[in-house]
Amino acid sequence: MKLAFPTSLRGIGEWAASNRMRVAEAKFRFAQYGILQAVADSRTLSRVLAFRGGNALDFVWQPNRSTRDPDSSSRDSTLTAQQLGTFLTPSLERVSRSTGVLYCVQKMEQQPPGPDRTFITFEGKIGYALPDDWRNRQLVQQGKASKATVPLDVSLNEPICRIVEVDIESSNPLQVCQLEDIVAEKLRALLQQPLRNRYRPQDVLDICVAAQQNPYLDLNLTAEFLMEKAKARNVPVSRAAFHQAEIRSRAFEGYNGLRETTRNAFIEFEPAFAIVLSLVDRLPLPDRTSLTP
């Protein structure tokens with residue numbers, strides 16, 4: 001397993017060139033890497049947070065498409081935004097000392113706000129300043145907000161079906177959702193588009209590339225995880241549901257814009273969506289349900 005992020009600022013220009021990205025983007029990915037190191041450095045967070053979503057795909061499973069926010073899910077449903085910030089702060093300070101990149105927690109808020117919410121996301125913003133970024137370093141050192149930030153989202157009560165532990169040179173391994181778990185999550189997100197009035201073009205590309213690059217993807221596990229994740233959100237699942245015109249039209253919205261964020265494999269929408277449907281049709285799912293999303 002080759003981790004797709006720079007682990008040192010030394011030689012970052014060469015790393016950027018070999019990974020087909022601008023130096024500025026490579027520096028941003030190094031800042032993201034430091035935040036993942038801080039999560040793994042925390043005894044508590046390393047046990048309860050699982051790295052997931054498009055960034056987990058890009059950093060660990062299939063380097064291809066850049067995203068800005070390292071999303072995670074918490075296994076601890078009692079975690080609060082305040083606790084998350086409290087656990088992260090000393091870990092970020094230790095990473096700052098080891099890498100020379102200054103970090104600070106600038107925002108950590110619950111969305112939606114209020115008590116008795118089932119599905120919660122903690123929306124965070126981590127400020128950072130690289131060693132050559134003297135303006136933002138001054139701001140951080142003065143206790144002010146850096147203008148350079150990494151968004152950090154942590155969700156509660158989302159099913160985490162299976163994880164692997166990945167060594168990222170921190171005090172503890174980083175928990176990362178298994179590939180089948182991430183693909184199942186993205187399949188559910190496609191079905192959930194009409195229910196939540198969302199548009200998920202990125203999931204089509206990610207699922208397509210995962211299916212192409214991983215011929216031994218476990219179809220039984222993917223279907224099992226999809227059913228579990230869909231049940232948690234009351235999303236009806238069937239092969240026929242994926243073939244609905246609205247699923248296709250919503251996933252197409254904004255798809256061509258993904259070309260600018262893709263470094264290796266960009267597949268045009270029609271063949272990409274056909275590959276997604278081919279994968280779905282091979283999953284052990286019900287043909288139809290009495291309800292459709």
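Arginine 263 and glutamate 25 form a salt bridge, with their closest N and O atoms 3.9 Å apart; a salt bridge here is a side-chain nitrogen of Lys or Arg within 4 Å of a carboxyl oxygen of Asp or Glu. The pair links distant parts of the chain, 238 residues apart: arginine 263 is in the loop between α12 (245-252) and α13 (269-282), and glutamate 25 is in helix α2 (residues 23-41). The model is predicted, so that local features need pLDDT of at least 70 and side-chain atom pairs count only at pLDDT 80 or more, while totals for chains, interfaces and linings use all residues. Residues are numbered from 1 along each chain as its sequence is written, and side-chain values use heavy atoms, with hydrogens and water left out. Helices (H or I, at least four residues) and strands (E, at least two) are DSSP runs, numbered from the N terminus.

**Salt bridges**

- The count comes to 19 salt bridges.
- Arginine 263 is buried at a relative accessible area of 11%, and glutamate 25 is buried at 18%; buried means under 20% relative accessible area, exposed over 50%, and partly exposed in between (1.4 Å probe, protein chains only).
- Glutamate 185 and lysine 229 meet through their side chains in a salt bridge of 3.4 Å, N to O. Glutamate 185 lies in helix α7 (residues 179-191) and lysine 229 in helix α10 (residues 219-232), so the pair ties together parts that are 44 residues apart in sequence.
- Glutamate 185 counts as buried at 14% relative accessibility, and lysine 229 counts as buried at 1%.
- A salt bridge also joins glutamate 270 and arginine 248, whose closest N and O atoms are 2.8 Å apart. Because glutamate 270 lies in helix α13 and arginine 248 in helix α12, the pair ties together parts that are 22 residues apart in sequence.
- Glutamate 270 is partly exposed, with a relative accessible area of 49%, and arginine 248 is partly exposed, with 30%.
- A network of salt bridges links Arg52, Glu158, Asp181, Glu185, Arg188, Lys229 and Arg233.

**Surroundings of arginine 250**

- Arginine 250 is placed in helix α12 and counts as buried at 11% relative accessibility.
- The side chain of arginine 250 makes polar contacts with the side chains of asparagine 197 (3.1 Å) and glutamate 246 (2.9 Å). A polar contact is a pair of N or O atoms within 3.5 Å; within protein, one must be able to donate a hydrogen and the other to accept it, and residues adjacent in sequence count only if both atoms are side-chain atoms.
- The charged end of arginine 250 sits over the ring of tyrosine 199, 4.8 Å from its centre; the criterion is NZ of Lys or CZ of Arg within 6 Å of the ring centre and within 35 degrees of the ring normal.

**Aromatic rings**

- There are seven aromatic pairs, where rings of Phe, Tyr and Trp (its six-membered ring) pair if their centres lie within 6.5 Å, with planes under 30 degrees apart counted as stacked, over 60 as edge-to-face and the rest as tilted.
- The rings of phenylalanine 51 and phenylalanine 59 form an edge-to-face pair, with centres 6.1 Å apart and planes at 85°; phenylalanine 51 and phenylalanine 59 are both buried.
- Phe252, Tyr255, Phe266, Phe269 and Phe273 are linked by ring pairs into a cluster.
- Arginine 233 lies over the face of phenylalanine 119, at 3.8 Å from the ring centre.
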